[in-house]
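Please read it with the structure open.

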Amino acid sequence: MKAKRLDRDFPPSDDPPAAKRRKDVDSDLHNPHDTAIRLLRLLLQCAEYVATENLQEASSLLLEISEISSPFASSPERVVAYFAQALQARVFSSCLGAYTPLTAQRSLTMAQSQKIFAALQSYNSVSPLIKFSHFTANQVIFEAVEGEDRVHIIDLDVMQGLQWPALFHILASRPRKLRSVRITGFGSSSVLLASTGRRLADFAASLDLPFEFNPVEGKLGDLTELSLSQLGVRSDESVVVHWMQHRLYDVTGSDAGALEALRRIRPRLVTVVEQDLSRGGERSFLGRFVEALHHYSALFDALGEGMEEENAERYTVEEQLFGREIKNVVVGRGERKVERWWEELSRVGFRPVSLRGNPAAQAGLLLGMMPWKGYSLVEDNGTLRLGWKDLSLLTASAWLSPPSP
């Protein structure tokens with residue numbers, strides 16, 4: 001059965017026989033641009049075959065793509081190489097019927113977590129995306145807890161806690177000293193959480209900031225009503241929930257459970273930073289694939305502006321971060337997940353806090369400090385969107401809990 005073609009911005013494939021495709025690619029090897037365009041055609045044709053369960057044709061195309069693409073070449077060729085690997089994983093799981101949804105996968109191993117953390121640190125040194133997430137959330141949190149004596153931040157994916165030292169600095173500079181700063185950090189490893197807690201405690205002590213770290217091994221959406229007591233929320237605290245969504249692994253567990261937990265916690269503020277990328281739901285595989293291809297093409301392109309092709313750190317970032325996310329997007333079977341958390345929070349009654357003013361100014365200053373000028377910042381109905389060459393990549397938003405019934 002021949003696959004139905006997509007309407008898309010990428011050049012259409014003329015779908016020649018395999019031998020002719022190889023000959024055409026060989027003739028284009030002297031022109032990297034032509035090679036990249038042809039690889040994109042092959043990749044999209046392969047995605048169409050996968051969408052229609054024509055796995056034999058898909059496997060044939062994947063073999064050709066693997067012969068001519070490389071994760072060490074130009075940015076477009078690197079993108080194709082990682083998407084081809086993800087399609088291969090999807091074909092393999094289709095043949096075995098053994099796909100495990102992201103939400104049901106086991107926690108990361110210690111080694112996997114450490115590799116991801118190292119890659120994130122490298123990425124943070126050459127890209128504003130992580131800094132944008134941290135600075136924007138920190139500024140709105142600082143303004144929300146002004147005048148409060150006790151602050152409790154619940155970080156739904158604390159990782160190494162890289163965001164919080166900057167917030168500690170501005171909290172410690174307040175004329176009125178805080179009596180207590182607590183961070184409840186969610187994570188998959190008690191060992192890594194303990195290490196994060198020690199680092200944050202040492203930094204807070206250097207600022208003479210009273211600090212307490214509360215580790216929670218698990219995910220907010222999977223906590224029962226009884227286990228919500230693990231969060232240790234106190235009536236005299238100003239509670240903030242910070243939520244950084246990504247596709248490296250599932251952060252929150254059950255979406256419905258996470259929303260219910262937020263209702264019960266009733267935080268003073270919720271800060272959300274999420275990728276402008278579908279999380280499944282009603283969208284078709286082909287729709288999600290093309291959207292993800294645009295999204296990650298922009299990320300590879302932006303990273304290529306700051307790092308040479310042969311840079312080892314660039315390969316690490318692409319393999320450990322982009323490649324892992326691409327696989328989770330492509331192999332995923334569209335399990336029902338909230339598409340956009342800022343839309344969902346609005347739907348269930350949370351009230352938006354505008355990020356105009358200081359948060360937007362901070363984000364603008366951050367971009368002005370970067371040596372690459374392809375990044376864009378847009379204010380949209382109180383949210384902030386960070387993009388690359390006009391394609392939105394991240395959306396930051398902030399929310400107040402619904403009014404008491």
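On a 1 Å grid over the protein atoms alone, a cavity is a set of points where a 1.4 Å probe fits but cannot get out, whereas a pocket is an open set with protein on both sides within 12 Å along at least five of seven lines; lining residues have an atom within 4 Å of a point. By this rule there are four cavities of 30 Å³ or more, where grid points are joined across faces, edges and corners and a volume is the space filled by probe spheres set on the points. The model is predicted, with local features needing pLDDT of at least 70 and side-chain atom pairs counting only at pLDDT 80 or more, while totals for chains, interfaces and linings use all residues. Residues are numbered from 1 along each chain as its sequence is written, and side-chain values use heavy atoms, with hydrogens and water left out.

**Largest cavity**
- The largest cavity holds about 520 Å³ of space, and of the 30 residues that line it, Leu120, Ile130, Met159, Met244 and His246 are the closest to its centre.
- The elements giving two or more residues to this lining are α5 (110-126), α6 (128-144), β4 (238-244), α10 (285-306), α11 (312-331) and β9 (391-400), where helices (H or I, at least four residues) and strands (E, at least two) are DSSP runs numbered from the N terminus.
- The lining of the largest cavity comprises 16 nonpolar, eleven polar and three charged residues, with Ala, Val, Leu, Ile, Met, Phe, Trp, Tyr, Cys and Pro counted as nonpolar, Asp, Glu, Lys and Arg as charged, and the others, Gly among them, as polar.

**Largest pocket**
- About 890 Å³ of space lies in the largest pocket, and Leu108, Gln112, Leu248, Tyr249 and Arg324 are the closest to its centre among its 40 lining residues.
- Helix α11 gives the most to the lining of the largest pocket, with seven residues.

**Aromatic rings**
- The structure holds eleven aromatic pairs, meaning rings of Phe, Tyr and Trp (its six-membered ring) whose centres lie within 6.5 Å, with planes under 30 degrees apart counted as stacked, over 60 as edge-to-face and the rest as tilted.
- Tyrosine 123 and phenylalanine 322 form an edge-to-face pair, 5.4 Å centre to centre with 85° between the planes, and this pair links helix α5 to helix α11 across 199 residues.
- Tyrosine 123 counts as buried (under 20% relative accessible area, with exposed over 50% and partly exposed in between; 1.4 Å probe, protein chains only), at 7% relative accessibility, and phenylalanine 322 is buried at 2%.
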